[in-house]
Amino acid sequence: MTSRRPWSPARMMVVVVVVITAVMTGLGTASCAHDDGATRSDRRGSSGRSEPTKPDTTTRPDDDVDAGGGIPARPASLDPQRTLSIHLLDVGQGAATLLEFPCGAVLVDTGGELNASFDSRSALKAQLDAFFLRRTDLNRTLDSLIITHPHIDHLRGVPTLLQDITVKNVVDNGDPGDDDLVRNEMGVLRGYIDTHQTGHRSIRADDIVKRNGLTDEVIDPIACHDVDPVIRVLWGGLDHDPGWGTDNYGKPRFANQNNHSVVLRVDFGAASVLITGDLEDVAIRGLITRYEGTRWLDVDVYQAGHHGSANGTTKDLVDATTPALALIAMGDPLRQHAWTAWAYGHPRAGVVKLLEDGVQLGRPPTEVLVAKGVKRFTGRTIDRAIFGTGWDGAVAVDITNDGEMSVRRRQRGR
Ligand SMILES: [Zn+2]
């Protein structure tokens, strides 16, 4: 059993009200600006659901967008010393999650997508530049950079980032990667570690204390005055195949780096976040078994694994996490290139349904695209608290140490 309190109706309203603010500041211009003349709904299949309520854009403030990469400013009512902001940065198809603490910052993965329509390297740089412009007290320093696993959609921003941002600690799964591009980016990171006295910890699952996770001064270098967050690793690289067998393509699942992702839990007072990297179903089963009967998987915010893929979130995991809100790091499915959300079919409709049934909070009804399969999408209206970069652009979740939560979204098309 866990000690987490159930979400009260009052808290549900907190999220909804602030999201409406974000919608009014952000969504009003999205359809035409983003799609270059054609609305998003024009390109969709049949929705099967009623039309969403259109946001009232007439009260849209002109300049309610700060230097946070286009994300509206954090509400002034939130005490910065008691608030964690989870910035799901928009790196297209990929992942990069910036955890903003009162006294520091941790970046989990660096994205992302690269094609004729989108360059995640410049997108990441712009968002980090805006962040550090606002948080000048951090002196362009990340207390920790965590690479969940060596795949390019989590690594591509590393060389750009290291050009002018200081990284004090690095956490990875200890594997140099499978191909030349990834090995090159990992080599850049290792070279930086060697020349900058950077703390470094490679997480091997065997090192993790069974049922308790693992933390130390490299994994958790943040020590804030009022609320001291706890960063804990729950999963990492495995040395022996637990008997995972082969996937649909005949490839051993053990050979897939996704299943060796560093899994991260962050506690900030009563607030908690789980990031599972690209862990797939067989490894998710192992994760659940390992922590069964503990409170370590039960969180407020769940960043859906593997960009919302069909194998990145299971019902058992949703049941174990009981999230109030879910985030999905994926690209815009309207960009039809190789290695995109469109090409992979992310997020999958079935996973979105699992999350809709599982999350405890709501959001204003919003039309989104969900995948029926690779390169096949359909429209859907969601009213549960699921936010995705492919739908919303960058998203920031502010959560206080006593668990109050609000959401800001980037204004798309600007
Ligand atoms: Zn990935």
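Two residues are in contact here if their C-beta atoms, placed from the backbone, lie within 7 Å. The model is predicted. Its protein chain has eleven helices and 18 strands. Of the 414 residues, 49% are buried. Among contacts with a separation of 6 or more, 71% link residues 24 or more positions apart.

**Val262, a loop residue**
- Val262 sits in the loop that runs between β9 (230–235) and β10 (263–268).
- Val262 counts as buried because it has 28 C-beta neighbours inside 10 Å, and the cut-off is 20 or more.
- Outside the four places on either side in sequence, Val262 is in contact with Ile146, Thr148, His149, Val171, Asp172, Asn173, Ile203, Val233, Trp235, Gly236 and Gly277.
- Ile147 is 115 residues from Val262 in sequence, yet their C-alpha atoms are 7.5 Å apart.

**The nonpolar core and Ala326**
- The largest nonpolar core contains 97 residues.
- Val301 and Ala326 have the most contacts inside this core.
- Ala326 is in contact with Tyr302, Ala304, Leu355, Val359, Ala385 and Ile386, leaving aside neighbours within four places in sequence.
- One of these partners, Leu355, is also a buried residue of helix α10.

**Helix α10 and its cover**
- Helix α10 spans residues 349–358, and its buried residues are Val351, Val352, Leu354, Leu355 and Gly358.
- These residues lie on the same side of α10, because they cover an arc of only 155 degrees around the axis.
- In an α-helix, residues three or four places apart point the same way, because there are 3.6 residues a turn.
- The cover over the buried residues of α10 includes helix α8 (315–321).
- Strands also contribute to that cover, including β13 (325–328), β14 (362–373), β15 (376–384) and β16 (386–388).

**The eight-stranded sheet**
- Eight strands form an open sheet with mixed pairing.
- Their order is β8-β7-β5-β3-β2-β1-β17-β18.
- The edge strands are β8 (199–202) and β18 (405–409), and each of them pairs on one side only.
- On average, neighbouring strands of this sheet are turned by 15 degrees against each other, direction ignored.
- Strands β1 (residues 83–88) and β2 (residues 97–101) run antiparallel and are joined by four bridges.
- Ser85 stands opposite Glu100 of β2.

Methods:
Residues are numbered from 1 along each chain as its sequence is written. This is a predicted model: local features need pLDDT of at least 70, side-chain atom pairs count only at pLDDT 80 or more; totals for chains, interfaces and linings use all residues. A residue is buried if 20 or more other C-beta atoms lie within 10 Å of its own, exposed if 12 or fewer, and partly exposed in between; C-beta atoms are placed from the backbone. Helices (H or I, at least four residues) and strands (E, at least two) are DSSP runs, numbered from the N terminus. The arc is that of the directions from the helix axis to the C-beta atoms. A nonpolar core is a set of buried Ala, Val, Leu, Ile, Met, Phe, Trp, Tyr and Cys residues joined through C-beta atoms within 7 Å. Two strands pair if DSSP finds at least two bridges between them. Axes are lines fitted to C-alpha atoms, for helices over the stretch in contact, and angles run from 0 to 180 degrees between N-to-C directions.
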